[in-house]
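Dear colleague,

I am handing over a structure that you have not worked with before, and the sequence and model are placed just below. After them I set out what was found, element by element.

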Amino acid sequence: MSNLQITGYKCKHCGRIHYPRHEQCLQCHGREFESIAPEGNATLLAYTQIFNLPWGFDERFLIIGVAQFGNGIKSMGQIKAESLDQLHTGMQLRPVWEPVRYVYGEPVYGLKLEPMG
Ligand SMILES: [Zn+2]
């Protein structure tokens, strides 16, 4: 999924992957990182439903999840599901880069995760 505008940072010393970027590696305190892109589908690690959305969202609620990509990048994204009943941890999600909300009529793009199967 090279069109995903998410960059992970892999420590050149110990290989730990960070997303978002940190000044220092959380594991070895190294300061040199290599940029990597998420690869493949993602595995759902955790999810929740949020109400009282900020201005700019049309939906009544959103389902937000944390997913881990094949190469270790973890990211939070909006899950394309109607209810929590459709979800379980460990399921596979397809990452898509789509407008997540509109500000002054302009789309703001972000990560969405689409349940597979
Ligand atoms: Zn490190």
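In this predicted model, strand E4, which covers residues 42–50, pairs with strand E7, residues 92–103, in the antiparallel sense, and two bridges hold that pairing. Within it, threonine 43 stands opposite glutamine 92 of E7. E7 is also joined to strand E8, residues 106–115, by ten bridges, and these two strands again run antiparallel; here tryptophan 97 stands opposite leucine 111 of E8. The hairpin made by E7 and E8 has two residues between its strands, and tyrosine 104 in this hairpin takes a positive phi near 50°.

Another part of the chain holds an open sheet of three strands, in the order E2-E1-E3, with antiparallel pairing. Strand E2 (17–18) and strand E3 (33–36) are the edges of this sheet, and each has a single partner strand, so one side of each is left without a neighbour in the sheet. Strand E1, residues 8–11, is joined to E2 by two bridges, the two running antiparallel, and tyrosine 9 stands opposite histidine 18 of E2.

The zinc ion deserves a separate paragraph. Its protein donors are the SG atoms of Cys11, Cys14, Cys25 and Cys28, which lie 2.2 to 2.3 Å from the ion. The angles among the four donor atoms run from 103 to 118°, and the site is tetrahedral. For comparison, the ideal angle for four tetrahedral donors is 109.5 degrees. Along the chain, the donors follow the spacing C-x2-C-x10-C-x2-C. Distant parts of the chain are linked in this way by cysteine 11, in strand E1, and cysteine 25, in the loop between E2 and E3, which are 14 residues apart. Both cysteine 11 and cysteine 25 are buried.

If residues up to four places away in sequence are not counted, leucine 93 touches Asn41, Ala42, Leu44, Ala67, Leu113, Glu114, Pro115 and Met116.

Leaving aside neighbours within four places in sequence, the residues in contact with glutamine 78 are Phe57, Glu59, Leu62, Ile63, Ile64, Val100, Leu111, Lys112 and Leu113.

Finally, some values for the protein chain as a whole. Its secondary structure comes to eight strands and zero helices, and of its 117 residues 33% count as buried. Taken along the principal axes, the C-alpha atoms fill a box of roughly 45 × 35 × 25 Å. The accessible surface comes to about 7300 Å², and 47% of that belongs to carbon and sulfur atoms. Among contacts between residues at least 6 apart in sequence, 46% join residues at least 24 apart.

With kind regards

Key. Residues numbered from 1 in each chain as written. Predicted model: local features only at pLDDT ≥ 70, side-chain atom pairs only at ≥ 80, totals over all residues. Heavy atoms only, no water. Pairing = 2+ DSSP bridges. Helix = DSSP H or I, 4+ residues; strand = E, 2+ residues; numbered from the N terminus. Donors = N, O, S within 2.8 Å, 3.2 Å for Na, K, Ca; no water. Tetrahedral: all angles 85-135°; square planar, octahedral: opposite > 155°, others 65-115°. Buried < 20%, exposed > 50% of the residue type's maximum accessible area, 1.4 Å probe, protein only. Contact = heavy atoms within 4.5 Å. Areas by Shrake-Rupley, 256 points an atom, 1.4 Å probe, with all protein chains shown as cover.
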